[in-house]
Amino acid sequence: QPIEARPAGRLYQLRKFAKRNAGLVAGVLAAILALSTGLVFTTISARRAHVATLRAEAESRRVRESKQDLELLSGFQGAIVSRADMQEMGKLILAELDKLLDQSDRHEEIRTALQDVNPASLARHVIDGSLLSPASRAAAEEFANRPTIVADVRESLSQSYFKLGMHEQSLREAQASLAVRRKHQGNDHADTIRNTGLVGLILSDMDRYADAEPYIAEELRLLRATLSDDDERMLRARDRMVVVQTGLDRLDEAVPAAEAVVADATRVCSPDDSQLLLYRQHLARLYGRTQRHEEALAIIQTMVVQLELVFGEDHERTLIGRSHLAGTL
């Protein structure tokens, strides 16, 4: 008969070991089961956490993109308004009125009265009443539970008003936007810092230099915490302070501050950078006011050449530069 005896297989040895060590094997199996169960639940939890993270990232990205879309839309709408020619728009309104007057018995009397109307002022009034002011009110109502969006819209409207030369309305929107940002985003948030500088800029452009100084000083203090002096935002803020110091006749502070701005900007900006030209223009004016006419003349002569290259011969800034050159001569 064939011999059935053979070396013990691994399965046979395992069964024999299990019979001799039942308690130990049971404990090991229980531990393996527990570990396996834990691994399964850990894997499931990790999977759920990963899915939740992906959803959160997607939602954060969506919110971020929505905010960017809103900023682009606000900027686009603001650009459309700010590019409008108020003088031409006012003339069109008056021309339409003139056509209507031909149907009136008193057209000559009314037409004479309309000759005293400033077309640009008329157009600004129409845009404010029909577009910008309603937009501000609508934003406050539509996004009542989204205060930062309201702040974004009102800041954009402020910039549109500013470009149209409507400083009172611009200041109103900028201050309202800043109040919302300080409450909901904090004083040191990037949006709040930018908005603070905008209020200072508007006040300075209104020749309210003493009122502007605290805003610009706060902007500078907060920017210096994270930026170097030759950063673009720092240069703009520093130049705004130069304008304020000049307006307050603190020329002993304004001249060295303007020199430092020009030196830093010259190092980091291209020669035809429009902001660098503006910084040099401010310095040249300060040299003129402090009787340093030769230094002022050297800056202005170079600056006018650059203005013509950057903006063209008929641009407003080029014409102002030429006028400044003539005055210095």
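This is a predicted model: local features need pLDDT of at least 70, side-chain atom pairs count only at pLDDT 80 or more; totals for chains, interfaces and linings use all residues.
## Burial and overall make-up

Residues are numbered from 1 along each chain as its sequence is written, and side-chain values use heavy atoms, leaving out hydrogens and water.

The protein has 14 helices and zero strands; helices (H or I, at least four residues) and strands (E, at least two) are DSSP runs, numbered from the N terminus. The exposed surface comes to about 20400 Å², with carbon and sulfur atoms supplying 56% of it; such areas come from the Shrake-Rupley method with a 1.4 Å probe, and for residues only the protein chains shown count as cover. Take contact to mean heavy atoms within 4.5 Å. Among contacts between residues at least 6 apart in sequence, 56% join residues at least 24 apart.

## Two nonpolar cores

A nonpolar core is a set of buried Ala, Val, Leu, Ile, Met, Phe, Trp, Tyr and Cys residues joined through side-chain atoms within 4.5 Å. The largest one has 24 residues, and those with the most contacts inside it are Tyr-279, Leu-283, Leu-286, Tyr-287 and Ile-300. Helices α10, α11, α12 and α13 each supply at least two residues of this core. Apart from it lies another core, of 20 residues, which includes Leu-171, Ala-174, Ile-193 and Val-199. In soluble globular proteins, nonpolar side chains tend to be buried together.

Leaving aside neighbours within four places in sequence, Tyr-279 is in contact with Leu-235, Arg-236, Asp-239, Val-261, Val-262 and Ala-265.

Thr-196 lies in helix α8, residues 190–205, and counts as buried because its relative accessibility is 0%. A polar atom of the Thr-196 side chain lies 2.7 Å from the backbone oxygen of Thr-192. Beyond its neighbours within four places in sequence, Thr-196 is in contact with Leu-178, Arg-182, Tyr-215, Glu-218 and Glu-219.

Helix α9 (residues 209–224) has 16 residues and reaches 22 Å from its first C-alpha to its last, close to the 22 Å expected at 1.5 Å a residue; the expected span is 1.5 Å times one less than the number of residues. Its buried residues are Tyr-209, Ala-212, Ile-216, Glu-218, Glu-219, Leu-220, Leu-222 and Leu-223. These pack against α7 (167–184), α8 and α10 (232–247).

Gly-247 is placed in helix α10 and counts as partly exposed, because its relative accessibility is 31%. Its C-alpha is separated by 8.7 Å from that of Ala-210, 37 residues apart along the chain.

Most residues other than glycine have a negative phi. Which way does phi go at Asp-249, positive or negative? Asp-249 has a positive phi of about 60° although it is not a glycine. This residue lies in the loop between α10 and α11 (251–268) and is exposed, with a relative accessible area of 52%. Gln-291, also not a glycine, has a positive phi of about 65°. Gln-291 lies in the loop between α12 (274–289) and α13 (293–311), and is exposed at a relative accessible area of 59%.

Notes:
Buried means under 20% relative accessible area, exposed over 50%, partly exposed in between (1.4 Å probe, protein chains only). A polar contact is a pair of N or O atoms within 3.5 Å; within protein, one must be able to donate a hydrogen and the other to accept it, and residues adjacent in sequence count only if both atoms are side-chain atoms.
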